[in-house]
Amino acid sequence: MFQLSSEGKQQVLNELKRYESKQSAVLPALYIGQRENKGFITPAVIQELSRVMEIPESQINEVFTFYTMYNKKNVGKYHVQVCRTLSCMLNGAEELVGHLCEQLNTRVDQMTTDGRFTISEVECLGSCGTAPMMQIGDKYFENLTPESAMNLLRTMK
Ligand code: FES
């Protein structure tokens with residue numbers, strides 16, 4: 001069973017006040033739930049949000065399954081999201097992901113054994129002119145090569 005902290009609950013209620021429709025508050029509410037549940041969303045998080053927001057779970061699930069920025073399982077300290085859409089794909093995204101996984105001895109969406117990294121593939125992040133690129137937290141890293149991407153990860157402790 002998952003319960004929002006009193007601070008998290010208050011933040012969700014504040015989001016509800018900001019919008020005319022409750023549905024619009026689902027995106028930020030999911031972020032709050034994800035943050036409070038160690039970085040990923042479970043059915044219990046959806047249930048809790050549904051209870052606090054007083055909207056059906058199905059409405060929250062719709063949003064959750066549509067967007068890729070919510071995690072379905074536990075991720076490493078650094079969640080490395082590599083774009084795999086057209087420009088990035090044509091400019092070597094696949095090789096980049098392959099290199100990172102090989103160097104870190106992991107697979108896509110599987111957390112490294114030291115808990116530091118999860119490499120994921122995501123849809124276009126809107127930075128197609130500087131492909132290939134990846135996002136870690138709220139930062140974009142662009143014009144990557146497999147080696148430069150790995151060098152970046154080596155600097156992250
Ligand atoms: S195709 Fe990769 S950022 Fe748009």
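What percentage of the contacts in the chain with a separation of 6 or more do residues 24 or more positions apart account for?

A: Residues 24 or more positions apart account for 61% of those contacts, where two residues are in contact if their C-beta atoms, placed from the backbone, lie within 7 Å. The model is predicted, and local features need pLDDT of at least 70, side-chain atom pairs count only at pLDDT 80 or more, and totals for chains, interfaces and linings use all residues. Residues are numbered from 1 along each chain as its sequence is written.

The chain has seven helices and four strands, and these are DSSP runs numbered from the N terminus (helices are H or I with at least four residues, strands E with at least two). From the N terminus on, their order is α-α-α-α-β-α-α-β-β-β-α. The chain is divided into domain 1 (6-66) and domain 2 (78-154), with bounds that come from an automatic or database domain assignment, and the centres of domain 1 and domain 2, taken over C-alpha atoms, are separated by 28 Å.

Of the 157 residues of the chain, 22% count as buried; a residue is buried if 20 or more other C-beta atoms lie within 10 Å of its own, exposed if 12 or fewer, and partly exposed in between. A nonpolar core is a set of buried Ala, Val, Leu, Ile, Met, Phe, Trp, Tyr and Cys residues joined through C-beta atoms within 7 Å. The largest such core has 16 residues, and those with the most contacts inside it are Val 82, Leu 96, Leu 100 and Met 134. Two or more residues of this core are given by each of β1 (78-83), α6 (93-104) and β2 (117-122), and the largest share, five residues, comes from α6. Leaving aside its neighbours within four places in sequence, Leu 100 touches Val 80, Ile 119, Ala 149, Met 150 and Leu 153. A second, separate core of 13 residues includes Val 12, Ala 25, Ile 32 and Ile 41.

Glu 20 lies in the loop between α1 (6-18) and α2, and it counts as exposed because it has 7 C-beta neighbours inside 10 Å. Glu 54, in the loop between α3 (43-53) and α4, has a positive phi, near 55°, in a residue other than glycine, and with 8 C-beta neighbours inside 10 Å it counts as exposed. Pro 132 is found in the loop between β2 and β3 (134-136), and a cis peptide bond with omega of about -5° joins Ala 131 and Pro 132.
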